[in-house]
Amino acid sequence: MSIAAARRIALAAQGFAGERSAGPATRRTVMRVLDRTRLLQLDSVSAVVRAHYAPVFSRIGAYDRTMLDEAAWGHTARKPRRLVEFWAHEAALIPVEDWSLMRWRMEQFRHGRWSGMKQVLERNPTLGDEVLDVLREFGPSTAGEVEKHLELDRPRDKDHWGWNYSDTKVVCEALFAAGEVSVPKRVGFQRYYDLTERVVPADVLAQRIDEADAVRELVRRAATAHGIGTETDLRDYYRLNRRQTEPAIADLLDSGELEQVTVAGWDKPAYLHTSARIPRRVTGAALLCPFDPLIFFRPRTERLFDFHYRIEIYTPEHKRVHGYYVFPFLLDGELVGRVDLRAERATGRLLVPGAFTEHGRDSGRVAAELAKSLRDMAEWLELDTIEVGERGDLAPALAASLR
C-alpha cells in the first residue's frame, strides 16, 4: 500500500473525509465525532481554546461548546451524561460506556498513579476515607472545598511539575485514578469530585471485564479510530504496553477484524481495520490543535505526513522554532503549514505571532486557505479581528490574504 493511501485511510477514520453537515451543528453531530475518535484529550492550556473543544471544530466547523460541556459534565433525565473523564490517552473524555474498559487500569492505579502520589498516600493513610466521607455527605466538591470541610491545611508539594498540589488534591486525584471518584462537573476547568456511583450509570458500573478482554476492545477501538496503524500506533492511543497489545492484535487478526499490510516506507507491519474506508481523495481544510487525536502521536504524524512536529510550550521562548501553541494546517489531505495562535479575549483578537509553510508547498494557496480557516475560527471564538505577526515565511502572504 502507498503512503498516500494509508494517509487517506487515516483521515477518513478520523472524520476528515466527509462533507460537513449543512446548517448548525447538533448534539448528535458533536457526538458523531466521538464515535470516530473515541476520546478527546484534556489539557489545561487555554492559549486559544481548551484542547477538547478544538478537534470537534476541526471536523464539523463552528458549534456551540456548551453541547460538549453538557455531554461530559451535565446530566438530566432528558439528557443523560454521554462522556466521562478518565486516563485514556492522558487525561481524556471518553464515552461513558468505555469506562468499564478501564477497570484494569484503575486497579493498576490503586496505590497511586506515580511515585509522588504513592508517597502522599503513605503519609496520609486515612485521608482517602476522609475525602470519600466528605463527598458522600456534601456531594460534588473541589479539593479546596474538601479541605475546608475537613478543616485541613495540608502541605503543598512544589516538586510536581510546578502544580503546587496540596496533599488533599493529590489524594482526590489518586481516588479519581483508582475509579473511586469521578468528575461530575467542571467550573472554570476546575475539577469537582464525587463518588463514582453518582456519576457513572449503574449498568456500566456493574460491568466486570477482565484485562485481556478490555485491552482487546481498546485495541479494536484504536484500530477503528486509526483505520490503519502499526503496533506502536495502536498501543499509544490508549497508552497500553506491548505485552498487552501484541496478543490483542493477534486475536483481531485471527477473527478477521484486522489485516496485516505493508505500507511503502514504513519499517514495521501495519494493521488495516476491515471497516476502514479508502477514499479516492480528501479535500478541505482544518486547523489541528496540538492534542488532536490525528496528530498527538508524533512518530505516526511524521510517518503519515512527513511532518516533524513538537509542542514547544515548555521550551524557553528564545529556543522555540515555531512558537508557543502551534496548530498544524491540514489542506486537501496534507499538512502544508503551521501557525502559532493566541486568543486574546479581552481585546477580541486572534493573534498569529508566526506562520510557516512546509517545504515545497504553494505559499499563495496555503495563505489564502489558511486565512479562511482563521476567519472561521475567529468567528467561532467570537473574536473580532485577526492580527498577523512577522515571524515565519508565510506571515506576509497570510497578512495580505486577510486584508
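**Strands, ring pairs and cavities**

Let me begin with the hairpin that β13 and β14 form, which has 4 residues between the strands and, in its turn, G348 with a positive phi of about 70°. This is a predicted model, in which local features need pLDDT of at least 70 and side-chain atom pairs count only at pLDDT 80 or more, while totals for chains, interfaces and linings use all residues. Residues are numbered from 1 along each chain as its sequence is written, and side-chain values use heavy atoms, with hydrogens and water left out.

Strands here are DSSP runs of E of at least two residues, helices are runs of H or I of at least four, and both are numbered from the N terminus; two strands pair if DSSP finds at least two bridges between them.

The β12–β13 hairpin has 2 residues between its strands, and D332 in the turn has a positive phi of about 50°. How much of β13 is buried? Of the 11 residues of this strand (residues 334–344), 8 are buried, so β13 is largely enclosed by the rest of the structure; by buried I mean under 20% relative accessible area, computed with a 1.4 Å probe on protein chains only.

Elsewhere in the chain, 3 strands make an open sheet, with antiparallel pairing, in the order β8-β10-β9. The edges are taken by β8 (228–229) and β9 (258–261), each of which has a single partner strand, so one side of each is left without a neighbour in the sheet. Between β9 and strand β10 (residues 270–273) the antiparallel pairing runs over 4 bridges, with Q260 placed opposite Y271 in β10.

Turning briefly to a helix, α2 (residues 27–37) has R27, T29, V30, M31, V33, L34 and T37 buried. Just after α2, R38 takes a positive phi of about 70°.

Now to the aromatic rings, of which the model has 7 pairs, where rings of Phe, Tyr and Trp (its six-membered ring) pair if their centres lie within 6.5 Å, and planes under 30 degrees apart count as stacked, over 60 as edge-to-face and the rest as tilted. One of these pairs is F57 with W380, which is stacked, at 4.3 Å centre to centre and with 5° between the planes. F57 lies in helix α3 (residues 54–60) and W380 in helix α15 (residues 363–380), so this pair ties together parts that are 323 residues apart in sequence. F57 is buried, with a relative accessible area of 7%, and W380, at 7% relative accessibility, counts as buried as well.

Another pair to look at is Y237 with F296, whose ring centres are 5.5 Å apart and whose planes stand at 50°, so the pair is tilted. This pair too links distant parts of the chain, with Y237 in helix α12 and F296 in the loop between β11 (285–287) and α14 (298–305), 59 residues apart. Y237 has a relative accessible area of 0% and is buried, and F296, at 8%, is buried too. Returning to F57 and W380, ring pairs link both of them with Y63 into a cluster.

Where do Y237 and F296 come up again? Both are in the lining of the largest cavity, which also includes H226, D233, D236, P293, L294, I295, F297 and R300. A cavity is a set of points on a 1 Å grid over the protein atoms alone where a 1.4 Å probe fits but cannot get out, and its lining residues have an atom within 4 Å of a point; grid points are joined across faces, edges and corners, and a volume is the space filled by probe spheres set on the points. By this rule there are 2 cavities of 30 Å³ or more, and about 50 Å³ of space lies in the largest cavity. Helix α12 (residues 231–237) gives the most to the lining of the largest cavity, with 3 residues.

The second largest cavity has a volume of about 30 Å³, and the residues that line it are A10, Q14, A225, H226, P293, L294 and R300.

Definitions and conventions:
On a 1 Å grid over the protein atoms alone, a cavity is a set of points where a 1.4 Å probe fits but cannot get out, and a pocket is an open set with protein on both sides within 12 Å along at least five of seven lines; lining residues have an atom within 4 Å of a point. Buried means under 20% relative accessible area, exposed over 50%, partly exposed in between (1.4 Å probe, protein chains only).
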